[in-house]
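Please read them with the structure open.

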Amino acid sequence: MSVTDANLPPTDGLAVIEAALATLPLAPGVYRMLDAKGDALYVGKARSLRRRVTSYTQVSRLSERLRRMVFETRSLEVVTTASEAEALLLEANLIKRLRPRFNIVLRDDKSYPWLMLSDDHPYPQIAKHRGERRKGATYYGPFASVWAVNQTITALQRVFLLRSCRDTVFDSRTRPCLLFQIKRCSAPCVGRISPEGYRDLVREAKEFLSGGSPSIQKRLAAEMESAAENLEFERAAALRDRIRGLTHVQGHDRVNLDGVGDADVVALHQAAGQACVQVFFFRGGRNNGNRPYFLTTAKQDQSAEEVMATFLAQLYDDLPPPPLVLLSHEPTEAPLIAEALSLKAGRRVELHRPQRGDKKSVVEHAATNAREALERRLAEGTAQAQLLDGVGTMFGLPGAPERIEIYDNSHIQGANPYGVMVVAGPSGFMKQAYRKFSIKAAAGNDDFAMMREVFERRFGRALREDPGRESDTWPDLVLIDGGAGQLSAAQSVMAELGVEDVPLVAVAKGPDRDAGREWFHMAGREPVQLPPRDPVLYYLQRLRDEAHRFAISAHRAGRSKALTKSELDDIPGVGSAIKRRLLNHFGSARGVRQAGLADLEACPGIGPAAARRIHEHFHPGAALPPRPGATDPARPSAMDPARPSATVAPRERTG
């Protein structure tokens, strides 16, 4: 349901809300306040939509932040839900997706790594995983970082000797790999362990990941003693090494959280109008690492309890909540949040703020990490602001730039050319805004043509999508990795597009391409250099180097993709399953290209229609026999009423 009036003056946004009240239900749900462009200003949930939205009409009781939000509102949309708990889950999902200006927003663009143990193979593989889960595998996590999951995989290899190689590598092995030699794999690929023995290792690994370390260690110790008594010294030594590895894992670099299997520790610290939340992930009693979250739009008029409530709902929007969440602050509406998380998890989820003991110590440790992370960020922000002031002064900008875009390109003699855009601002590099451009028009080694294409695509699209420059996606400064020629190419494109008020600066390397002796070129000004130890110079070098790194990464990824690309990828209607059957039957793409129609039809799993399509792709215009049952268009059909009946003659029989 939506109520809209875009013609109201700025101070009459209140009238939209008052008009909506007549039709709002008393049911629970989620409401969205939108501005004149239709962008979300605020997303909220309510037990009763009408009563909750009515509170916004009492402007004198609202904070300055909410008062501005009400006055900017031009339309209101609502969605009813079956319960307030469902409304809370929907609210968190919409906030993370729409990122409204007046909500506390958890900006976390990284996906969480998981540990995957495949179950659909006789010898399961252990590996790290990101993205969507697939059937036929068991997942453990989440882990706070790739480093944490890699450490766990290394531990599992040392203790349980599970394979980490891909199935294709596993199937092609003829002798053990290096991991077997360094005692990190049992070499099931070449039969050094029986299927039953490997299944026992997998069972023990799953028990370990579920928190069963003590029982495993006791069992291994008993097996080692038995092997030693039976004079099986090699087996006893192997078991001893596994016990040592297990002891190392249990005692290495972990915050003590005895008596707790799966739990998250969430601690909040606020300062200078900003907030940081540290989350420690414990699974099976082990520390899977921690991650800091910096919240945007967390204003000083919002209490720690309010911030904690909003954070928890958004954190578990794309994560399965554990049975226990230990908190530094009791969130507002804690019972409702617990109910919503239990609804999402399909089991009971407890929110607990410990008052004493080991659990309180762990929460305090997390709170200390949150405070230190926020202090580092504030210190970096102060230094960053000073650097941006220096950049603005150096290039004659009206103020410190809020958004700097840096451009570079990468190729090898014109092959696999890519252009990239890197973005930086007051909070550092804005990696979610990075863009890469696969160059289409540029030929050979023409770097100027490549730069022209990148600028045409970047700023041409910006003019189409935001001609009024009302969003924050327009740069205050553009840096180009290159000299006067690159600057001239970029200027000509901007002039053709009618964009002449965006400052352009080309960063050229000095003599012998020495870092620290760069020249900075701007239109209408002589090239300038900065003193070798100037902090602003270091900052500009860092921006240029980040663009260079990203350009090389984009080029290498494109080149790797080109190297693995097959001729079969370009055949319309031929997917991965058909390609696999063709390669298994003919041995290579070349064999498929040289195959005749009859050979293609003889390939298992390839029907006549697919065979003709593949043949016509590689041999366009080649004469093919008509399909069975097809009518030759050059000859009239026997059923055609326009055909004279005298031409229909019975076929002679021989025999």
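1. Aspartate 481 is part of strand β18, which covers residues 477-481. The model is a predicted one. Aspartate 481 is buried, because its relative accessible area of 12% falls under the 20% cut-off. Leaving aside residues up to four places away in sequence, aspartate 481 touches Tyr407, Asp408, Gln486, Val507, Lys509, Arg544 and His548.

2. On the overall make-up: the protein has 655 residues, and 43% of them count as buried. Its secondary structure comes to 20 helices and 20 strands. Take the contacts with a separation of 6 or more: residues 24 or more positions apart account for 60% of them.

3. The second largest pocket deserves a look. Its volume is about 720 Å³. The lining counts 34 residues, and Tyr42, Arg52, Glu91, Glu306 and Thr310 are the closest to the pocket centre. Which elements give two or more residues to this lining? They are strand β3 (40-46) and the helices α3 (64-72), α4 (84-98), α11 (304-315) and α12 (334-345). By residue class, the lining of the second largest pocket splits into 16 nonpolar, 8 polar and 10 charged.

4. Two of the lining elements, α4 and α12, also pack against each other, at an angle of about 80 degrees. Their axes are 8 Å apart. The contact of α4 with α12 holds 7 nonpolar residues, no polar ones and 4 charged ones.

5. Next, the loop between β2 (29-34) and β3, where alanine 36 lies. Is alanine 36 buried or exposed? Alanine 36 is exposed, because its relative accessible area is 59% and the cut-off is over 50%. Along the chain, alanine 36 and serine 75 are 39 residues apart.

6. Now the backbone. Most residues other than glycine have a negative phi, and most peptide bonds are trans.

7. Glycine 141 and proline 142 are joined by a cis peptide bond, with omega about 5 degrees. Proline 142 sits in the loop between β8 (137-140) and α5 (146-160).

8. Arginine 99 has a positive phi, near 50 degrees, and is not a glycine. Its place is in the loop between α4 and β5 (105-106). Arginine 99 is partly exposed, because its relative accessible area of 26% lies between the 20% and 50% limits.

9. Where does leucine 161 lie? The place of leucine 161 is the loop between α5 and α6 (167-172).

10. For the packing, return to α4 and α12, with their angle of about 80 degrees. For the pocket, start from the residues closest to its centre, among them Tyr42 and Arg52.

Definitions and conventions
Residues numbered from 1 in each chain as written. Predicted model: local features only at pLDDT ≥ 70, side-chain atom pairs only at ≥ 80, totals over all residues. Heavy atoms only, no water. 1 Å grid on protein atoms, 1.4 Å probe; cavity = no way out; pocket = protein on both sides within 12 Å on 5 of 7 lines; lining within 4 Å. Points joined across faces, edges and corners; volume = space filled by probe spheres on them. Helix = DSSP H or I, 4+ residues; strand = E, 2+ residues; numbered from the N terminus. Nonpolar A, V, L, I, M, F, W, Y, C, P; charged D, E, K, R; others polar. Axes fitted to C-alpha atoms, helices over the stretch in contact; angles between N-to-C directions. Buried < 20%, exposed > 50% of the residue type's maximum accessible area, 1.4 Å probe, protein only. Contact = heavy atoms within 4.5 Å.
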